[in-house]
Amino acid sequence: MTNLLKEKQSEQYLAAIYTIIEKGMAAKEVVCSITTGFRSIPSLRTNPGLNPYHASVADIGYGFDAVQGTIKRIQNGEKIPLAFEMLVFDLDTLRISEKQLNPNFELAIYGVAPEFNYLINISRYLNKQIGVAIFEAIYLSKKLLGDKWEEIHSRIQDIQAIPRL
């Protein structure tokens, strides 16, 4: 495969990953709005320490921003040492953050009155959409990088901060 063809294919994968992350970001924004609006539910109030779920959603938002920032820098031709390592790191960190989402959501909605079930069901659905977006972005990045994904992943695992799990 010629370098020009590889470069074009790489651009297409990066654009697709960026678009998928945008969809996940849209779901995250709606979830943030919904959970912020649950102020009458004691477990979902936005007081410090009372809403680990909202913090998990915010963490995912930062992760989405990081992935999109890395992709933009690559697309703009910036010569970044370890650019694809950054992409793998950002995406895998998002995967880790997503694992916190559902347990923290279930903690936050524990004991909620039935009149909030509609909003809770929407939030639960959007949580799944966030997870799907992250899974699809990782899948595409694995297609983009091929065997290099596992090689890079094994190198970055040692520097990831995982104690929050």
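Q: What does the pLDDT average over the protein, and what share of the residues scores at least 70?
A: The average is 84, and 85% of the residues score at least 70. pLDDT is the predictor's own confidence in each residue, on a scale from 0 to 100. This is a predicted model, so to speak of local features we need pLDDT of at least 70, side-chain atom pairs count only at pLDDT 80 or more, and totals for chains, interfaces and linings use all residues. Numbering starts from 1 along each chain as its sequence is written, and side-chain values use heavy atoms, with hydrogens and water left out.

Q: Where is confidence lowest and where is it highest?
A: Lowest in H1, with a mean of 87, and highest in H4, at 93.

Q: OK, the fold. How many helices and strands?
A: 5 helices and 0 strands, running α-α-α-α-α from the N terminus. Those are DSSP runs numbered from the N terminus: H or I of at least four residues for helices, E of at least two for strands.

Q: How much of the protein is buried?
A: 42% of the 165 residues. Buried is under 20% relative accessible area, exposed is over 50%, and partly exposed is in between, using a 1.4 Å probe and protein chains only.

Q: Which residues touch the most other members of the largest nonpolar core?
A: Ile21, Phe64, Val67, Leu91 and Ile130, out of 43 residues in that core. A core here is a set of buried Ala, Val, Leu, Ile, Met, Phe, Trp, Tyr and Cys residues joined through side-chain atoms within 4.5 Å.

Q: And which elements give two or more residues to this core?
A: H1 (3–36), H2 (52–75), H3 (83–109), H4 and H5. The largest share comes from H1, with 11 residues.

Q: What is isoleucine 130 in contact with?
A: Leaving aside neighbours within four places in sequence, Gly24, Ala27, Lys28, Val31, Ile60, Phe64 and Leu101. Contact means heavy atoms within 4.5 Å.

Q: Asparagine 127, then: buried or exposed?
A: Buried, because its relative accessibility is 1%. Asparagine 127 sits in helix H4 and touches Val31, Tyr53, Leu101, Asn102 and Phe105, again not counting residues up to four places away in sequence.

Q: Switching to tyrosine 13. Which residues does it touch?
A: Leu140, Lys143 and Leu144, not counting residues up to four places away in sequence. Tyrosine 13 is in helix H1 and is buried, at 18% relative accessible area.

Q: How far apart are tyrosine 13 and lysine 143?
A: 130 residues in sequence, and 8.1 Å in space from C-alpha to C-alpha.

Q: How do H4 and H5 cross?
A: At roughly 110°, with the axes of H4 (residues 117–145) and H5 (residues 147–156) coming within 5 Å. The two are therefore roughly perpendicular. Axes are lines fitted to C-alpha atoms, for helices over the stretch in contact, with angles from 0 to 180 degrees between N-to-C directions. Under 35 degrees is roughly parallel, over 145 roughly antiparallel, 65 to 115 roughly perpendicular, and the rest oblique.

Q: Which residues meet there?
A: Ile138, Ser141, Lys142 and Leu145 in H4 meet Asp147, Lys148, Trp149, Glu150 and Ile152 in H5.

Q: What about H3 and H5, at what angle do they cross?
A: Roughly 70°, with axes that come within 9 Å, so H3 and H5 are roughly perpendicular to each other. Residues making the contact include Phe84, Val88 and Arg95 of H3 and Trp149, His153 and Ile156 of H5.
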